[in-house]
Amino acid sequence: MCSSDLWNKLSVWPSLARQKGSIMPIRCEIVSQDRMVYEGDADMVVVPGESGQMGILPNHAPLLSTLKYGILTVRTKGVDEYFTIAGGFVEVQPDIITVMADAAENVREIDISRAEDARHRAEQFLKEGPPPDTDSYLAMEAALRRSNLRLEAVQRFRRSQSRIPGSDQGERE
């Protein structure tokens, strides 16, 4: 079974269960170093775990995992909301998911020109050769990864905020 088939099967379950009145949503909190990025109820949350994508439904077993750079999806009443996540970790309890990200941003809030400027600055810095200070070099590599993730997320998800990955809705030709 490919991942899009699994996504489609998982994505139908919360809405069917909600219609039958047998499911309570799970609380989701996404926090970055400087602010609360999202706080609300969700039917399902998909996080970019170090070992791959993890779909979290209400009453999930307790879990603690590190996160990699990627897209976090919050589904509520059939509508998806997308967030870029640049590392961190997730704590899952049966009734709450807490994401503590190194950097996080709602895809709708990404400033494209600012992300492009950050990518250009990082590329220029890295082209000039490895700086004597390794921390600066690693910081610029991380900035480049973050800006590329942000730009890819805008390109992929901003067109249709309710698109289901793997479906034909909103796919580019």
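A crossing of two helices is left-handed if the near helix is turned anticlockwise from the far one by less than a right angle, and right-handed if clockwise. Keep that in mind for the third stop.

This is a predicted model, in which local features need pLDDT of at least 70 and side-chain atom pairs count only at pLDDT 80 or more, while totals for chains, interfaces and linings use all residues. Residues are numbered from 1 along each chain as its sequence is written, and side-chain values use heavy atoms, leaving out hydrogens and water.

**Whole chain**

Colour by secondary structure. The order from the N terminus is α-β-β-β-β-β-β-β-β-β-β-α-α. Of the 173 residues, 42% are buried (under 20% relative accessible area; exposed is over 50%, partly exposed in between; 1.4 Å probe, protein chains only). Among contacts (heavy atoms within 4.5 Å) with a separation of 6 or more, 55% join residues 24 or more positions apart.

**Aromatic pair**

Select tyrosine 82 and phenylalanine 157. The whole structure holds 2 aromatic pairs. Tyrosine 82 and phenylalanine 157 form a stacked one, 4.0 Å centre to centre with 25 degrees between the planes. Rings of Phe, Tyr and Trp (its six-membered ring) pair if their centres lie within 6.5 Å; planes under 30 degrees apart are stacked, over 60 edge-to-face, the rest tilted. Tyrosine 82 is in strand E7 (residues 79–85) and phenylalanine 157 in helix H3 (residues 134–157), so the pair ties together parts 75 residues apart in sequence. Both residues are buried.

**H2 against H3**

Show helix H2 (residues 112–127) with H3. Their axes come within 8 Å and cross at roughly 145 degrees. Axes are lines fitted to C-alpha atoms over the stretch in contact, and angles run from 0 to 180 degrees between N-to-C directions. The crossing is left-handed. Pick out the contact residues: H2 brings Ile112, Phe125 and Leu126, among others, and H3 brings residues including Tyr137, Met140 and Val154. By class, this contact has 11 nonpolar, 3 polar and 6 charged residues. Ala, Val, Leu, Ile, Met, Phe, Trp, Tyr, Cys and Pro count as nonpolar, Asp, Glu, Lys and Arg as charged, the others, Gly among them, as polar.

**Alanine 139**

Stay on H3, where alanine 139 is found. Its relative accessibility is 42%, so alanine 139 counts as partly exposed. Draw a distance to alanine 122: the C-alpha atoms are separated by 9.1 Å, 17 residues apart along the chain.

Methods: Helix = DSSP H or I, 4+ residues; strand = E, 2+ residues; numbered from the N terminus.
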